[in-house]
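Me: I have a structure to study. Let's go through some questions on it, one at a time.

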Amino acid sequence: MSRAIDPDTAAKLKSYNLKPVYEEVVQALSLPTEGLLEIEILKEFHFPEGHNVLKDGHAIAVSKLGLVQAFLVAKSRLEWWRMERFLRSDDEMFDVTFVILLFDPEHLTAANTRKVIVQEQLETDKMDPRKILEREKRAVDSLLTSRLHRHTKSPVLWSHRRWVISQYATYHLPVDVLGDIKSAVCVAGERHPRNYYAWCHARFLVNNDTINNNIDRGKLLEVVETWCALNHTDISGWSFLSFLLDFNKDVPEAQAQNSGVIANVLGRVDALRLSNESVWVFLRTLAGAGAMTDEAYAWFREIQKGLLETETTPAEGKAVLRKAVEWCETYRGRN
Amino acid sequence: MKLYYVGVLDNTKSPAIQLCAEHELSEFSRFTRDEYGKFMTMISKTVAERTKPGQRQSVEEQDYVVHCYARSEGVAGVVITKDYPHIAAHSVLSKLMDQFLSEVPLSTVKAAKNNGDVSFPALKDYLNNYQDANNANSIAKIQQELDETKIVLHKAIDSVLQRGEKLDDLVAKSSDLSAQSKMFYKSAKKQNSCCLVM
């Protein structure tokens, strides 16, 4: 839902007492002790008269008007807090900044305020760092994985998550890299296709030596390959799979794992007669880089030829196939 | 790749009757998925009514495709998919309609007056088992007679409609949609231009 406010909503904003709405919204958005919130923002006609929130377990819907009203209250409280820190407790400021980020996921001050408070809590030694960071991770993941189009691909929110994970490293706490990729990256990637920031975050998790020392390469390949199979038109997923095939490729089992993945992808492309650009850019990149065996490459060429000869392959698909072959003929053999 | 809807309709009547249907709506948010479900029913009926006996159609509308296979017995199978190869969708429809017609007497079909009047429990299995189009491949290998070139492809639902008809008009007139659903249709916006390149 866009940030634009229609004239009717703007008129209502002037006439309302905003604080009860803020309290209603904050109450609904309080983070559960386990799991994530599933938040959506809907137009007013979904809500009973006088209500701004719908709730069903962890699923929360907030009306756009209610969110704007709550944002106005939250914004003023953030401004006061920045002048006089003692006015609000940490928990209140978490509520304030969560409402602000729900309205505007690119609100850097709100995100950085959360960093300041979390940092201070970590440094006091009074609370378990694991609990502090776990809570913050669930808060940002609730925003990143909800069906909120701007939030799932928000650079500020993904950057905030990166900061939270770096705190795990600082405090020598383990990170479940595979779990995070499944629960945050794959979900956000599905909610918002071609999600550059989500998959960049996945690269960060995998490349970070201080947190990834237990990574199971085979399982991770399996998870990402399955995701790519079900989201076969998503270039970002395929790009990450390509990155993974190159990751730790010197370990003994890597060659067999890679061959398995490539064979599975070729088999699926052949069976389903896929001709979309995303999967063929993935395949041609591997072929051109010499990551395919001669046998796999021969199969690749055979599939390409078969699809070009198939009457029902769309014209744009045929163009993709021809470019894939040109690419291979240009680059294969140079490596 | 998603299979959202599998249904069998009596398309000899106008409006068509949704004899049985199953939906997979977990992709949609908790408080709007019912609306999507109702739209799928409405769109299925719209396409089924406009598919002649023996004909196969695939109608693209934004990210979704409605596939329909109308049998000469006066029933039509419909699946609604995203990023799902057309040949796989029609293979599923072939198998579905063969099984439906072998298990459900035509007299039961003709006696149906309302949506959901026919019980066909196997429909849920179709929805679950064919989420991955690769699972439909075994059907395609068996059903050699499925000629993909015979599937009529439409790039937009308006091309299936009669001259002068618009989808907006059908939504406004539909008895399958509540007033809230109709308002939701007007307010829902598609992120058409988002993330096309990266």
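Me: Is B:Gln62 buried or exposed?
Reply: This is a predicted model. The relative accessible area of B:Gln62 is 54%. The cut-off for exposed is over 50%. Therefore B:Gln62 counts as exposed.

Me: What is the phi of B:Gln62?
Reply: B:Gln62 sits in the loop between S3 and S4 of chain B. Those two strands form a hairpin with two residues between them. B:Gln62 is a residue other than glycine, yet its phi is positive, near 55°.

Me: How many bridges join S3(B) to strand S4 of chain B?
Reply: S3 covers residues 56-61 of chain B, and S4 covers residues 64-70. The two run antiparallel. B:Val59 faces B:Val66 across the pair.

Me: Which residue in S6(B) is the bridge partner of B:Ser58?
Reply: S3(B) also pairs with strand S6, residues 152-154 of chain B. This pairing is parallel, over three bridges. In S6(B), the partner of B:Ser58 is B:Leu153.

Me: How many of the six residues of strand S3 of chain B are buried?
Reply: Buried means under 20% relative accessible area. Strand S3 of chain B is mostly covered. Its buried residues number five.

Me: Is A:Asn248 exposed or only partly exposed?
Reply: A:Asn248 lies in the loop between helix H12 and helix H13 of chain A. Its phi is positive, about 50°, although it is not a glycine. A:Asn248 has a relative accessible area of 38%, so the word for it is partly exposed.

Methods. Residues numbered from 1 in each chain as written. Chains lettered and ligands numbered in written order. Predicted model: local features only at pLDDT ≥ 70, side-chain atom pairs only at ≥ 80, totals over all residues. Heavy atoms only, no water. Buried < 20%, exposed > 50% of the residue type's maximum accessible area, 1.4 Å probe, protein only. Helix = DSSP H or I, 4+ residues; strand = E, 2+ residues; numbered from the N terminus. Pairing = 2+ DSSP bridges.
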